[in-house]
Amino acid sequence: MNKLILFFLMLATSVGVYAQDGDSTAMRKKKFSVISEAELAPSPEYKTRGISINVVHNFSDHFSLGIGAKPYGLFFRKDEIINKWFTIGDDGSIIQHSSTVHERRLDNDFCMPVYVTIKCIFCKKTNAAPFIEIRTGKDVAYDNDDLYRAFIVGSRFGFKKNYSHAVNVAAGVQLNQVEDCDGATFLFKVGYEF
């Protein structure tokens, strides 16, 4: 996974350098953008809900680099435990009893990765532009030794003058190791760039 992230970092950097050399129609009016996104990440063992806030420097119409934080709740799924037992009735018959208990294997928790984000946007002449985004950082709220990583593919739908504001819709994979669970989860996010 680390080699894949490194490959996409190099790809994003080369596209950003290429985009600065050619003529371009401005996709963004501002040098700096703030992006706020609602994010969901379900997995078989837990689900997460949170908001990411990124401050990015737009080097060109195609390349941006920034920092971000993503506070989110970590909600573990409930396990269904079925208990069955038998008793003997007054008439000597065997009676089966059962009860179902729903309990969480682990307590709900809170995470907050702080990360560097690199975004490469591939289209410059329309308001709809596909992009890839790579994040890497460290969780400062949840105690783990693993890095937070995310690889995201999405689309930016710009509006206003020079498409300076936008709605972003994206999906991808994030890695943030928690307890003894698999840290890889699917990620869906939607947000606003201003």
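**Exercise 1.** Which residues does Ala-170 touch, not counting residues up to four places away in sequence?

*Solution.* This is a predicted model, in which local features need pLDDT of at least 70, side-chain atom pairs count only at pLDDT 80 or more, and totals for chains, interfaces and linings use all residues. Residues are numbered from 1 along each chain as its sequence is written, and side-chain values use heavy atoms, with hydrogens and water left out.
Step 1: apply the criterion, since contact means heavy atoms within 4.5 Å.
Step 2: list the partners of Ala-170, which are Phe-131, Ile-152, Val-153, Gly-154, Leu-187, Phe-188 and Lys-189.

**Exercise 2.** Name the residues of the largest nonpolar core and the elements that give two or more residues to it.

*Solution.* Step 1: recall that a nonpolar core is a set of buried Ala, Val, Leu, Ile, Met, Phe, Trp, Tyr and Cys residues joined through side-chain atoms within 4.5 Å. Buried means under 20% relative accessible area, with exposed over 50% and partly exposed in between (1.4 Å probe, protein chains only).
Step 1: the largest such core has 10 residues, namely Ala-41, Tyr-115, Ile-121, Ala-129, Phe-131, Tyr-148, Ala-150, Ile-152, Ala-170 and Leu-187.
Step 2: two or more residues come from each of strand E8 (113-121), strand E9 (128-139) and strand E10 (148-159); the most, three residues, come from E10. Helices (H or I, at least four residues) and strands (E, at least two) are DSSP runs, numbered from the N terminus.
Step 3: apart from this core lies another, of eight residues, including Tyr-46, Leu-74, Cys-111 and Cys-181.
In general, nonpolar side chains in soluble globular proteins tend to be buried together.

**Exercise 3.** Describe how the strands E1, E8 and E9 pair with their partners.

*Solution.* Step 1: two strands pair if DSSP finds at least two bridges between them.
Step 1: strand E1 (residues 32-42) is joined by 11 bridges to strand E2 (residues 46-58), and the two run antiparallel. With three residues between them, E1 and E2 form a hairpin, and Ala-41 has Thr-48 of E2 as its bridge partner.
Step 2: E1 is also antiparallel to strand E12 (residues 184-193), through six bridges, with Glu-37 opposite Gly-191.
Step 3: E8 and E9 are antiparallel over nine bridges, and Thr-117 stands opposite Arg-135 in E9. E9 is in turn joined to E10 by 10 bridges, again antiparallel; here Gly-137 has Tyr-148 as its partner.

**Exercise 4.** Is Ser-52 buried or exposed, and which side chain does the side chain of Ser-52 join in a polar contact?

*Solution.* Step 1: locate Ser-52, which is found in strand E2.
Step 1: Ser-52 counts as buried because its relative accessible area is 0%.
Step 2: a polar contact of 2.7 Å joins the side chains of Ser-52 and Glu-39. Such a contact is a pair of N or O atoms within 3.5 Å; within protein, one must be able to donate a hydrogen and the other to accept it, and residues adjacent in sequence count only if both atoms are side-chain atoms.
Step 3: Glu-39 belongs to the covered face of E1, together with Ser-33, Ile-35, Glu-37 and Ala-41.
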